[in-house]
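Here's a quick walk through how the pieces of this fold sit against one another. Have the model open and follow along.

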Amino acid sequence: MSTRLTPEQLRSHRWFGADDLRSFGHRSRIKQIGYSEEDFAGKPVIAIINTWSDINPCHFHFKDRVEAIKRGVIQAGGFPLELPAIALAENFQKPSTMMYRNFLSMETEELLRSYPIDGAVLMGGCDKTSPALVMGATSADYPAIFFPAGPMMKGCWKGNVLGSGSDTWKYWDELRAGNITECDWRDIENGIARTPGHCMTMGTASTMTSAVEALGLCLPGAASIPATMADHSRMAAECGRTIVDAVWADRRPSSILTREAVENAAVTVLSLGGSTNAIIHLIAIARRAGIAFSAEDFEEFAARVPLLANIRPAGTHLMEDYYDAGGLLAQLKNLRSLLNTDALTINGRTLGENIEVSDHCDTDVIRTMDDPVTSVPALKVLKGNLCPDGAIVKPSTVNPQRMVHRGRALVFDNYADLKARIDDPDLDVDETTVLVLRGAGPVGAPGMPEWGMLPIPKKLLEAGVRDMVRISDARMSGTSYGTCVLHVSPESAVGGPLAVVRTGDEISLDIPNGTLDVVLSESEMEARRQQLVAPDFSADRGFVKLYRTHVEQAHLGCDFDFLAGVGNPEPEIW
């Protein structure tokens, strides 16, 4: 039987349990709030890191769920304290929530480090919130459980099921092509997102909550529960009970986040046809835990991991269907032969023990290993003279005719240039043209926004074109699709090869062989490099200045250079 902590060994005991002047002050001030000795004495103090805000629709139900979490903590004999943290509202925050992922990770780490906290419940779900919370908790290394926000319910328009994100892009193109009316577009706007919760497609949100469950930091089955279901509220209370037990057992992220756990998360993401953003986030999480992991590791798994989740944008169903079909537990059970089933999870059981109890109900929504959604790999890493440190493409959503392509580049220097010219009827472009966007990476944008699904020029949409080869140093929404080459590294703003490409240059893309090149000699590329003028960021201030100074490139996870690796979780001065 594993050793359990005593009340005197709790970290919070140093604040509340000692018989000295400082602890007198701590106890008197917690009593000032209205608590009594019976509420906190000798009990694990559980921080509930709540990323609710009025401007985050994905987390709008957190006001209710936090009460259920508190209930569970109290039932298990803990003392819950809600600690609000910044909300990363994907749809509203500019230039990108990706820029503020590191901000939330630092806030999480410092909240846990600086207060009398024994364990934490991490409330997240909207795209960058999940990795940010896990990154911060990993660095602090106190027992922590992730509470997933859950997907919203299905959307609807004139009897058509709508999926957030994916159908936005689809119908936006149809509107620009003149195939639907402004009235239709407004009805779609009113029907596509109708309940609290994050995207119900396999976007970054569902990808990352599922990845965190596979990492072992989430209750089994929790990531698949829709936000508005009663099961979700019951899961919240169970999170509260579980974290109290994890504190007594001293079950920390460092005992869970092994290389085997990261591999489980990578296999899970690939089998879901998940967002390309997961590559950046899992690399960053792994590096926080002192584990070397790369996009090439993802690609190695991609060659043998089948796509089992028949969910948009790679498939046809939505997360509500997925949950009813058995959810992530059922899919992991189908993947058992590819997983490290001995990996420990936050509830004290192994991943193998957790998935053994699952039921699989619908083999169309959740496929078996011998009947995958597609045999095309979910991910491909590209290398070449345009991306010496790599670029990413999602073959499962690529038009088969574009898997090997050679075409003339049409270059946009930044997003403003793209918006200004993309619908110009005189734009020199056809369906074989390769659209190139630069200045959209971690440093250049800043924050590497989701601009990677470049719009098809209006004149081509009107002619029936719905996909083109598009290349950028940006990211792409997990709900997006098409022949989009992303995360070109190093980015153009730091002198990467994308900076020297000119309109008219020929670009060669070969997805099966994993290459991306501009058809130029090295001497010509070097001559162009000598002519480059570095961007002027002298007007930066505050967090933007910190970000641009310290953010690493996409292939390293876009974390800050001073945050990677395992740190000292304890404050030095009391």
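Four strands make up an open sheet, in the order 2-1-3-4 and with parallel pairing. Keep in mind that this is a predicted model. Who's at the edges? Strand 2 (79-84) and strand 4 (144-148), and each has a single partner strand, so one side of each goes without a neighbour in the sheet. On average, neighbouring strands here are turned by 20° against each other, direction ignored.

Now zoom in on one pair. Strand 1 (residues 45-50) lines up with strand 3 (residues 119-124) in the parallel sense, over five bridges. To find your place in that pairing, look for N50, which stands opposite M123 in strand 3.

## A helix on the sheet

Helix 5 (residues 97-114) packs on this sheet and touches strand 1, strand 2 and strand 3. The direction of helix 5 makes about 160° with that of strand 1.

## Two helices side by side

Next up are helix 6 (residues 129-140) and helix 13 (residues 277-288), whose axes are 9 Å apart. How are the two oriented? They pack at an angle of about 10°, which makes helix 6 roughly parallel to helix 13, since angles under 35 degrees count that way.

Which residues meet there? Helix 6 brings P131, V134, M135, G136, T138 and S139, and helix 13 answers with H281, A284, I285 and R288. Sort the residues of this contact by type and you get five nonpolar, four polar and one charged.

Definitions and conventions:
Residues are numbered from 1 along each chain as its sequence is written. This is a predicted model: local features need pLDDT of at least 70, side-chain atom pairs count only at pLDDT 80 or more; totals for chains, interfaces and linings use all residues. Side-chain values use heavy atoms; hydrogens and water are left out. Two strands pair if DSSP finds at least two bridges between them. Axes are lines fitted to C-alpha atoms, for helices over the stretch in contact, and angles run from 0 to 180 degrees between N-to-C directions. Contact means heavy atoms within 4.5 Å. Angles under 35 degrees count as roughly parallel, over 145 as roughly antiparallel, 65 to 115 as roughly perpendicular and the rest as oblique. Ala, Val, Leu, Ile, Met, Phe, Trp, Tyr, Cys and Pro count as nonpolar, Asp, Glu, Lys and Arg as charged, and the others, Gly among them, as polar.
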